[in-house]
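Hi everyone, thanks for coming. Today I'd like to walk you through one structure, step by step. Have a look at it first, and then we'll begin with a pair of strands.

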Amino acid sequence: MRRFSIAVAAAVTLGAGLWSAPAHAGQESGGRGLPHCTAGTCHFDVPPGTYDVRVTLGGTEASSTSISGETRRALLPETPAPAGERVTRSFTVNVRTPEGEPTGPEGTPGLDLTIGGTAPALAGIEVKRARHTRQILLVGDSTVCDQPGDPYSGWGQQLPQYLRKGVSVANYADSGESTVSYLGNPQLWATVRPLIRPGDPVLVQLAHNDKTTDEATYRANLETLVAGVRERGGQPVLVTPIVRRWFSPDGTLNNGTALLVNGLGVDHPAVIRSVAAARDVPLIDLTAKTKALVESLGVEGSKALYLTNEARDNTHTSVRGATAYAGLVRDELVTRHLVPKGTVRVG
């Protein structure tokens, strides 16, 4: 059975007193203290926006705590604290409606955080309105989105845990979307584009559902997305799609289904690479990187990255797979200087 410990006395690391009353919409600070938490969940009554969260972890016994929030977003990786010691961590979180997929249910108002880990111990917590932060916006499909239920997870859902205070992830990926449908649905691109601020990276991974999109249309759609980001002063980043787990007899991924070549013969990753080169757009070649990882694990070992055993699904990732793929994206964000120094968790 998992232990959950709340050490009220230790919360003095966040201030001499704890606020016992929840904050209300419009307040600059979402609230401070453990009165916001019960049964492993903390709720803060804040309006949509971007918030800095500071937590103090630890208790009388050795502990190990992780934090997720909203629609199953991983916000803080499992963090150990020795017995009797306190560890402070901070991160920045995006609060919006709908809180998960843009075409999904609204979710619950405010900010909800779930305290997890193998031996969780929360000693204090504080939520404040964030200022001067960078946001990473995600445009994508079901392999990227905030998946609402186990065992599914998109890599965008796992990406926030790799970022420290000062950078948030606004995941506007949506299940089932192609470049055609994403541009055409007012809940999607027309909603995302006005949110882009100067300097914001906007990562675009759309390909899995462009099964009937011809090459000229697919290329034009990518160029439209790139131009739209730049018109807002943002930094477009094209991301080739994660591979599907379909092996050839020789133990390598096949050149069709696995590597995202559609029924019309459109090689989606090749088109993305071409547009990135022609438009001078940073490229994260996630196809190449996930291919290398999947093939290195082999037919059996790679099953854990996908939902092969759980749902006979070789397209969508498990939490383990999504976390591994988010780590690949994190590495590229660092390599390409797309996020400020010191805002990325590398361990």
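So, let's start with strand 4, residues 41-44, which pairs with strand 9 in the antiparallel sense over four bridges. Before going on, a word on where this comes from: it is a predicted model, where local features need pLDDT of at least 70, side-chain atom pairs count only at pLDDT 80 or more, and totals for chains, interfaces and linings use all residues. Residues are numbered from 1 along each chain as its sequence is written, and side-chain values use heavy atoms, with hydrogens and water left out.

Now the terms. Strands are DSSP runs of E with at least two residues, numbered from the N terminus, and two of them pair if DSSP finds at least two bridges between them.

Back to our pair: His43 has Asp112 of strand 9 as its bridge partner. Strand 9 also pairs with strand 6, residues 63-69, again antiparallel, over five bridges.

Is strand 9 mostly covered or uncovered? Covered: of the nine residues in 111-119, seven are buried, meaning under 20% relative accessible area with a 1.4 Å probe, protein chains only (exposed is over 50%, partly exposed in between).

Finally, the cysteines. The structure has one disulfide, that is, a pair of cysteine sulfur atoms within 2.5 Å. Cys37 and Cys42 form this link, with 2.1 Å from S to S. Their S-S torsion is about 105°, so the disulfide is right-handed. Cys37 is buried because its relative accessible area is 11%, and Cys42 is buried at 0%.
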